[in-house]
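Subject: The model, and what turned up in it

Hi,

Here is the structure I promised to pass on.

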Amino acid sequence: MANKPLSLKEFLDRKVAEYNQPAFILRDPISVPHRFTQKQDIEIAGFFAAILAWGQRTTIINSVNRLMAWMDESPYAFIRQHQESDLKPFVHFVHRTFNATDLLYFLSVLQSFYQKHDSLEMAFQPKEMAMNMRQRLIYFQTQFFAGEHPERTRKHVSTPARNSACKRLNMYLRWMVRRDKQGVDFGLWQNISPAELICPLDIHVSRVAHRLGLIATSKANWVMAEQLTQALRTFDPIDPVQYDFALFGLGAEERIQ
């Protein structure tokens with residue numbers, strides 16, 4: 001008797017199991033925050049790894065590791081305690097279109113935030129009202145640029161208000177929020193549910209998701225990110241974004257177009 005063909009869910013479940021493994025960490029930007037153990041160090045290293053996550057993964061990792069070295073491999077202590085004289089190395093930083101102007105503003109915002117809060121999670125979660133993920137991301141971007149800022153830097157923190165897929169922020173939230181026993185995602189944040197997460201929609205994920213019929217077009221925008229996540233919730237409503245491992249792996253590692 002011929003084997004029964006796999007359903008799409010069964011196929012993706014197998015791919016999640018294949019890629020949601022510690023071996024995935026080594027060649028991915030998530031390897032940078034995995035070098036740390038303190039919660040805030042992981043948050044900060046992860047934030048920069050996610051924000052700079054475009055281009056070749058090796059280049060991304062090298063850029064973020066350079067930042068961590070300039071922070072004396074103690075990003076939380078550096079963010080809280082640095083003085084203007086400590087910023088000299090950072091004025092030469094460039095990663096694609098993210099330059100020293102952007103970086104210095106990011107360092108300033110993070111320093112101000114950590115002087116008032118214990119965790120970056122609070123930047124996505126105002127206490128006075130409940131929010132869905134779209135509202136959380138809009139809130140984060142609005143607060144990030146609430147003070148005087150370089151106009152050019154706004155492009156480095158996306159918002160659903162402009163119909164951006166917000167791939168990098170959604171990836172960062174996946175890292176911080178998802179909880180399982182596989183050792184890839186950190187699951188540090190307890191006040192945001194994995195069920196709320198939106199699947200990071202990069203070029204690999206969007207192409208594979210479109211080919212599999214999960215989204216209407218391979219164009220990456222907020223509407224498609226929500227559509228994809230809603231489709232993934234039919235496979236697992238509690239942890240839909242686990243399928244990011246499968247879709248990204250199929251696109252980036254197996255080159256499915």
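Predicted model: local features only at pLDDT ≥ 70, side-chain atom pairs only at ≥ 80, totals over all residues.

Let's start with a helix pair: the axes of α1 (residues 8-19) and α10 (residues 243-253) come within 7 Å and cross at roughly 80 degrees. That makes α1 roughly perpendicular to α10 (65 to 115 degrees; under 35 would be roughly parallel, over 145 roughly antiparallel, and the rest oblique). Axes here are lines fitted to C-alpha atoms, for helices over the stretch in contact, with angles running from 0 to 180 degrees between N-to-C directions. Helices (H or I, at least four residues) and strands (E, at least two) are DSSP runs, numbered from the N terminus.

Residues are numbered from 1 along each chain as its sequence is written, and side-chain values use heavy atoms, with hydrogens and water left out.

Back to the α1 and α10 pair. On the α1 side the contact (heavy atoms within 4.5 Å) is made by Lys9, Phe11, Leu12, Asp13, Lys15, Val16 and Tyr19. From α10 come Tyr243, Phe245, Ala246, Leu247, Gly249, Leu250 and Glu253. By class, the residues of this contact divide into nine nonpolar, one polar and four charged (Ala, Val, Leu, Ile, Met, Phe, Trp, Tyr, Cys and Pro count as nonpolar, Asp, Glu, Lys and Arg as charged, and the others, Gly among them, as polar).

Helix α10 also meets α8 (residues 203-211): their axes come within 8 Å and cross at roughly 95 degrees. The two are therefore roughly perpendicular to each other. His204, Val205, Val208 and Ala209 of α8 touch Asp244, Leu247, Phe248, Leu250, Gly251 and Ala252 of α10. Seven of the residues in the contact of α8 with α10 are nonpolar, two polar and one charged.

Next, α7 (167-177). How many of its residues are buried? Eleven of eleven, with buried meaning under 20% relative accessible area, exposed over 50% and partly exposed in between (1.4 Å probe, protein chains only). The buried set includes Lys167, Arg168 and Arg174 as well as Leu169, Trp175 and Val177. The cover over α7 includes α2 (39-51), α6, α9 and α10. Arg174 turns up again in a charge-over-ring arrangement: its charged end sits over the ring of Phe245, 4.2 Å from the centre. Likewise, Arg80 lies over the face of Tyr76, at 4.1 Å from the ring centre. (The test is NZ of Lys or CZ of Arg within 6 Å of the ring centre and within 35 degrees of the ring normal.)

On to the aromatics. A search of the whole structure finds 25 aromatic pairs (rings of Phe, Tyr and Trp, the last by its six-membered ring, with centres within 6.5 Å; planes under 30 degrees apart count as stacked, over 60 as edge-to-face and the rest as tilted). Phe98 and Phe106 have ring centres 5.2 Å apart and planes at 80 degrees, so that pair is edge-to-face. Both Phe98 and Phe106 are buried. Tyr105 and Phe145, on the other hand, are stacked, at 5.7 Å centre to centre and 5 degrees between the planes. Tyr105 lies in α5 (residues 100-114) and Phe145 in the loop between α6 (133-144) and α7, so the pair ties together parts that are 40 residues apart in sequence. Tyr105 and Phe145 are buried too.

Two loop phenylalanines are worth a click. Phe235 lies in the loop between α9 (222-233) and α10, and counts as buried at 16% relative accessibility. Not counting residues up to four places away in sequence, Phe235 touches Leu8, Lys9, Leu12, Leu214 and Tyr243. Phe186 is in the loop between α7 and α8, and is buried at 18%. Its contacts, again leaving aside neighbours within four places, are Ile30, Pro33, His34, Ile42, Trp175, Met176 and Arg178. Phe186 and Pro33 are 153 residues apart in sequence but 9.3 Å apart in space, C-alpha to C-alpha.

Last, some backbone. Most residues other than glycine have a negative phi. Glu73, in the loop between α3 (57-70) and α4 (75-81), has a positive phi near 55 degrees and is partly exposed at 36%. Arg96, in the loop between β1 (94-95) and β2 (98-99), has a positive phi of about 55 degrees and counts as exposed at 54%.

Cheers
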